[in-house]
Amino acid sequence: MGEREHEHVRVAVVGSGFGGLGAAVRLRREGVTDFVVLERASSVGGTWRDNSYPGCACDVPSHLYSFSFAPHPDWPRTFSGQEHIRAYLEHVTDVFRLRPHIRFDSEVKRMSWNGEQLCWDIETSSGNLSADLVVSATGPLSDPKVPDIPGLESFPGRVFHSARWDHDYDLRGKRVAMVGTGASAIQIVPAIQPDVSRLTLFQRTPPWVMPRMDRAISGAERWLHRQLPFTSQVRRGLLWGIRELQVQAFTKHPNELGFVEQLAKRNMARAIKDPALRAKLTPDYRIGCKRILLSSEYYPAIAQPNVDVVASGLAEVRGSTLVAADGSEAEADAIVFGTGFHVTDMPIAERVVGADGRSLAETWKGGMEALRGASAAGFPNWMTVIGPNTGLGNSSMILMIESQLNYLADYLRQLDVLGVPPGPSGSGGGRVALDARPDAVRTWNHRVQERMKRTVWNTGGCTSWYLDASGRNTTIWPGTTAEFRRATRRVDLAEYDVLRAPTAKRAAAAEQAEVDA
C-alpha cells in the first residue's frame, strides 16, 4: 500500500464486466499499456459473475452478445447460460493478456478531480493512486435494489436478492416467496418451481412474455464457424439487422405493436387455461414499454398447482407471514427479491467528486445527463461506459459498449494531439484535460429527450426501471445502434473545454521569462 500511495497511471478503468474488459482491450489495441482495471470482487465478469441464480441466462442471442473483436464459434446454445458467458469473459481476459492490469479486491471508495495536476486522485480498498483519465464501467446492473418493506427484519427465514443468490440454502421442500416478476424472476420461477413445496409470486405489474426460441447449436454449425469464421460474422450480422428493423416500432410507431401483443396473448393462452389467472397475468400497457421477456417455461411453471400468483406487491412482513398490498397473506420460509438494481441512481456517482467539489450524484440530482452517453460537465477526463441513455430495449448492449469504446479511443487521441504524449512513467500525461461544455450536454440531452417523447418507453402507459424518480427516461437510447455508432465515432472538440494544468502554465511562463531575459 505504501508503494502505491503515489502511483500514477494514464488510465484507470473501474469494473471488469463487458464494459471494463472491453475498455482494457481497446486501450491495449490503441497502444496504451499504462492502465489499471480496478475490480471490487476477486474475479472478472461483472453482472455475469454476480448473477448466478438458478436458470440465469441471457435474453440476447449468443452470437450477438459477444465482442466483435473476440468472436466465439463454440457457443453451445442460441441463448447462452450465465456460466458460459462468464467463461467467455474469463477467456477474453486471458487471450488479451489483461490479468497483469487488473487489481482485484480493489473497491473504489472515492475519486476526486485534482485541478492543480489535472488528474483524478483515487482511493481504493487496496491503496491509492492517480490517473489522467478514468473510465467508469461499473454498469447499471451492479448494485441490487431491495425495497424497504416494513417488518422485514422480523422474518425468521432466509432473505436474499437474485443477484446475491444464497447457494448454501437448499430451497427443496420450502415455502418460497418470489418478489418481482422481471427478467430474473421469469428465469428463477421455472428453475425452482419443481423443487419447492409452495411458490408465492408477488407481482406488482405483469410482464409481456414471448417464447424463447432457444436450442442447442449443433456440432456441425460450430465446426463451420471454426473453419470459416466469416459464417459467424454473417450470423451475427443477420441477428443485428433483424433487431435494427424492430427498433422502428419501438421508437417511431408504437401503435404498430398491437399485432405483437396478440402473439404474446396467444402464447399465454396456450399454457394458462384458468381465465382468472390469465387476467392476472395480462398487462394493461403497450408491449415494449417494459422490456419484453423471453421464456417458454415461465407460464407452464406458473400454471402448476404449487404456485400462487398474488397480483399485488409485498407490503409488510409479520414474522413468517407476508402481507400483500391487497391484504392477502402467505406463509414463507424464504424470500427472494427479484427487484432489480440501482440503475438511474448509480451508487458510484456518490463517490465521484468533480471540479467544483460536488459529487456526480449531486450534479445528477435532477436526472442523469452525459454528452453522448459518456462525459458529464464538470468532470474532466471522466468517461462512463453504459452511461445515461445508452441502454437498449431489444438488442445487444455489447454493440453500444463497442461504440463507446470508439469514442474513448478518439478521446485519447485528442488528448495526445492537444498535450504532450505521456512517457513510459506516466509523466507528461494529464497536462491537458477535456471537460464537456454544459451547453453541449444540454443540447445532446434535449435531442435525446425530444426523440424519446414518441417512443413506446414513454408513451406505452407503464412505469419501468428505465424511468428515474421524476419520470424521465435516462436509461434507453431512442434510436438504432447504427445511429449511436455514428454519433460516437469521433470526439467533437467544440463540445469540450480544453483545460491545461496551472503548474504547466507556470512552467511555460517561467521558461518564456528566461528566454526573454
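**View 1. Contacts of T390.** T390 touches G373, M397, M400, Q404, T475, W477 and F484, leaving aside residues up to four places away in sequence; contact means heavy atoms within 4.5 Å. The model is predicted, so local features need pLDDT of at least 70 and side-chain atom pairs count only at pLDDT 80 or more, while totals for chains, interfaces and linings use all residues. Residues are numbered from 1 along each chain as its sequence is written, and side-chain values use heavy atoms, with hydrogens and water left out.

**View 2. Setting of T390.** T390 is found in the loop between β18 (382-384) and α11 (397-418). Helices (H or I, at least four residues) and strands (E, at least two) are DSSP runs, numbered from the N terminus. With a relative accessible area of 0%, T390 is buried (under 20%, 1.4 Å probe, protein chains only). A polar atom of the T390 side chain lies 2.7 Å from the backbone oxygen of G387.

**View 3. The open sheet.** Five strands with parallel pairing form an open sheet in the order β7-β16-β8-β9-β12; two strands pair if DSSP finds at least two bridges between them. β7 (158-161) and β12 (307-310) are at the edges with a single partner strand each, so one side of each has no neighbour in the sheet. Neighbouring strands are turned by 15° against each other on average, direction ignored, with axes fitted to C-alpha atoms.

View 4. β7 pairs with β16 (residues 334-337) in the parallel sense over 4 bridges. The bridge partner of H161 in β16 is F337. Helix α4 (residues 185-192) packs on the sheet and touches β8 (175-179) and β9 (198-202). The direction of α4 makes about 165° with that of β8, where angles run from 0 to 180 degrees between N-to-C directions and the helix axis is fitted over the stretch in contact.

Key: Buried < 20%, exposed > 50% of the residue type's maximum accessible area, 1.4 Å probe, protein only. Polar contact = N/O pair within 3.5 Å; in protein donor to acceptor, adjacent residues only side chain to side chain.
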